[in-house]
Every structure is written in structure tokens, then in C-alpha cells.
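Open the model in your viewer and keep the selection panel at hand. This tour goes stop by stop: what to select, then what is there.

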Amino acid sequence: MQQAIEIWWEYIMCEGIIIAGNLIVDYVKKIDTYPKIGMLCNVMSVKRSVGGCAANTSIDIAKIDGEVPLSVLGSVGSDENGRYIIKELARNNIDVSGIIVKEDVDTSFTDVMTESDGENRTFFHARGANALFGFDDIDFGKIKADIFHIGYALLLDCFDGEDDEYGTVMAKTLAKVQGMGCKTSIDVVSENSDRYSKIVTPSLRYCNYAILNEIESSLICGIPVRNDAGEILHNNIREVCERMFYLGVKDIVCIHAPEGGWHMDNAGQYKFVPSLCLPNGYIKGSVGAGDAFCAGMLYSIYNEFDAEYSLRIAVTAAASSLSFENAIDGMVPLSKLIQLEAKYPNQTF
């Protein structure tokens with residue numbers, strides 16, 4: 001990873017990264033145990049934080065390297081939570097001029113019920129203003145970026161809607177942005193449904209990069225990635241990456257899981273980097289680990305790092321995120337990610 005930071009200092013700054021999609025307020029609630037239906041559990045603490053793809057990923061990149069130009073597109077309600085999100089983004093020097101304030105609707109929020117061990121969490125989500133954010137809210141004339149990343153598919157009602165020509169409105173959006181010469185990227189929310197093929201697949205034809213977890217990618221492709229014992233099937237992960245290219249992804253497929261990260265490029269070059277071996281008690285919450293991995297990968301793609309360095313940055317960013325209960329406070333600058341990787345070696349499989 002040291003090479004990565006040396007490469008960065010030689011890099012000539014380009015136009016940056018736009019991240020569009022979900023803007024959420026997370027109420028992270030630590031509970032002693034998840035109760036059965038009709039039973040009680042104890043809420044041990046409640047903390048508010050920003051959440052959602054657009055907020056988490058952009059702030060994480062800003063914390064990794066404050067010199068990367070970042071913009072966010074999305075919508076919030078005309079309420080205190082909406083003002084809170086905009087303030088937090090602006091505080092991290094992120095351009096918020098593309099955020100639309102919707103009247104007479106609440107800002108989206110999620111109750112994140114995190115069990116006391118920090119590893120298991122359950123989400124209770126109110127779509128709010130995110131459900132109203134759509135194609136017409138984007139001023140395409142102002143899009144000047146190297147990468148346009150959007151998420152989460154399956155949790156943006158307007159973008160998940162059907163389009164006669166492209167399949168979905170999100171696919172239409174990505175096609176338009178890609179046609180403007182901007183590289184495109186997608187992230188997906190994990191849900192227990194059969195909607196993946198219908199809603200996500202059309203967008204893949206207009207994606208340069210797809211950064212997904214093992215559950216999402218498995219459901220898109222219809223290929224199992226774990227055996228009956230819950231163990232990862234590495235050969236199937238490779239098959240999933242190949243299938244994603246067949247479905248239309250142009251440049252890079254990246255899959256992440258608790259075990260680590262996998263990277264395949266359009267030449268078929270394939271790489272796996274395991275997660276860091278973290279000590280007992282390190283993990284305080286996992287609500288932002290996926291977005292942190294995504295932030296590390298987008299940052300690396302932006303800087304044209306090779307596959308191994310990109311994965312090392314991404315898995316270390318995820319590990320850093322795990323050190324806090326909320327989605328963003330665990331992220332640190334690249335120099336400290338390097339120190340974290342040196343302190344906790346990668347797992348062996």
C-alpha cells in the first residue's frame with residue numbers, strides 16, 4: 001500500500017467523483033439481543049449519524065483524501081434531518097449544490113439495530129425523500145466528473161422504475177452519463193427478494209464498474225457463493241465476476257464479503273485479498289463496512305491503482321469503518337489506513 005500513496009502524490013488531479021443516490025439519517029441503536037416477535041430487548045444507546053450510499057461513500061472518500069473533488073446528488077426533506085445531512089457533507093468539503101430539498105416529505109431515516117457484539121445488525125428503513133429523487137432532479141449539464149457512482153439500486157423508487165427503452169430509469173441515467181464521457185459505477189442494497197434480475201441487470205450494460213457484496217452479486221447472477229455451512233465458494237465468486245461481464249459491465253467487477261475482496265478486470269485478470277485479522281473487541285459496528293469498501297475502491301479506481309493495491313485499500317477501509325458503531329466515524333486518511341494494515345495482517349484461508 002505504500003506504493004499506492006507514492007503513486008497518489010504523482011497524480012494530476014482530474015475532475016473528481018460524483019456520488020448520487022440515498023441520503024439517510026441513521027439512528028444506530030445498540031441492543032443487548034435481537035428479540036423474538038412479541039418479546040422485549042434493551043436499547044443500550046442511541047446515536048445519530050448520516051447514512052446511505054451518497055453520504056457514506058462520499059464522506060469516506062473525503063476522509064481518505066481530502067483533495068479529491070466530490071459532489072453529491074440526492075434529495076432530503078425540508079426538516080432538521082435534511083439540514084443535518086447537508087451540513088455534515090459540507091463540513092467535509094463535499095459539493096452539496098446537487099441536493100434537492102423536497103417539501104412536505106420527511107428525510108429518509110433508518111433505525112439500525114446493532115447487537116451488543118457489534119457484528120449483527122438489522123435495518124428498519126423509511127424511504128422518505130429518497131423515494132422522490134429521480135431522473136429529472138439531475139442537472140446533466142453540470143455533470144463534469146471522472147466517475148459517476150449511484151446507489152442503492154432497489155432502494156431508489158424512481159430510478160428503479162421501468163423505462164421502455166432502457167429497462168429501468170437507473171439504466172437510462174447511467175446510459176446518459178456514460179454517453180457524456182463519464183465512467184459509471186453502481187452499488188446495490190441487500191434485500192431478500194427476487195427483484196435483482198429485473199431491476200439491477202438493465203443497468204449493468206451501462207456500468208464501467210460494479211462494486212457489490214457477495215449476497216447481491218449472487219442474487220443478480222443466480223450463482224450460489226456459499227455452501228450449506230456458510231463458507232465462501234471462491235470458484236463461484238470468479239464465476240459470478242465473469243457473469244457480471246457477460247451481463248454488460250465494461251471495465252471492473254469488484255465483490256466484497258466479510259472474508260475479503262475480489263477484483264476482475266475486462267481482460268479476465270482476477271485477484272483476491274483477504275480481510276484484516278482483527279482482534280476480539282475491535283468491531284463496534286458493521287453498518288458502514290460495505291460503503292467503506294466501496295469508497296476505498298472508487299478512490300483507487302480514480303487514482304488508477306492496480307488491482308492488488310485497490311483491494312488492499314478497500315479491505316483496510318472496511319476494517320477501519322468497523323471500529324465505530326456508525327457508518328463514517330471509523331474512516332481515517334490513507335496514511336493511517338497504511339498503518340492499520342501493517343498492524344493487523346490479512347486473514348489466511
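The structure holds 17 salt bridges; a salt bridge here is a side-chain nitrogen of Lys or Arg within 4 Å of a carboxyl oxygen of Asp or Glu. Side chains of opposite charge can pair when their charged atoms come close. The model is predicted, so local features need pLDDT of at least 70 and side-chain atom pairs count only at pLDDT 80 or more, while totals for chains, interfaces and linings use all residues. Residues are numbered from 1 along each chain as its sequence is written, and side-chain values use heavy atoms, with hydrogens and water left out.

**Stop 1: charged pairs**

Select R91 and E88. Their side chains form a salt bridge, 2.7 Å from N to O. Both sit in helix 3, three residues apart, which means that about one helical turn separates R91 and E88. Helices (H or I, at least four residues) and strands (E, at least two) are DSSP runs, numbered from the N terminus. Is R91 buried or exposed? R91 is exposed, at 58% relative accessibility. E88 is buried at 11% relative accessible area. The cut-offs: buried is under 20% relative accessible area, exposed over 50%, partly exposed in between (1.4 Å probe, protein chains only).

Next, select K102 and D137. This salt bridge spans 3.1 Å, N to O. The two residues are 35 apart and link distant parts of the chain: K102 is in strand 5, D137 in the loop between strand 7 (121-126) and strand 8 (147-153). K102 is buried, with a relative accessible area of 16%.

Now go to R312 and E341. Their salt bridge is 2.7 Å, N to O. E341 counts as buried at 12% relative accessibility.

**Stop 2**

Show the cartoon. An open sheet of nine strands runs in the order 5-4-1-8-11-12-13-14-15, with mixed pairing. Two strands pair if DSSP finds at least two bridges between them. The edges are strand 5 (95-102) and strand 15 (270-274), each pairing on one side only. From one strand to the next, the twist averages 15 degrees. Zoom in on strand 4 (residues 70-77), which pairs with strand 5 in the parallel sense over six bridges. Which residue in strand 5 is the bridge partner of G74? Pick I99.

Helix 3 (residues 80-91) packs on the sheet here, touching strand 4 and strand 5, and its direction makes about 175 degrees with that of strand 5. Axes are lines fitted to C-alpha atoms, for helices over the stretch in contact; angles run from 0 to 180 degrees between N-to-C directions. Contact means heavy atoms within 4.5 Å.

Move to helix 8 (residues 214-221). Helix 8 lies across strand 11 (183-188), strand 12 (209-213) and strand 13 (252-257), at about 110 degrees to strand 12.

**Stop 3: T110**

Select T110, in strand 6 (residues 109-115). T110 is buried, at 5% relative accessible area. Not counting residues up to four places away in sequence, T110 touches I24, V25, D26, Y27, F123, F124 and H125.

**Stop 4: confidence**

Colour by pLDDT, the predictor's confidence in each residue, from 0 to 100. The protein averages 93, and 95% of the residues score at least 70. Finish at residues 2-14, where the pLDDT is below 50; beyond near neighbours in sequence, this stretch has 28 contacts in the model.
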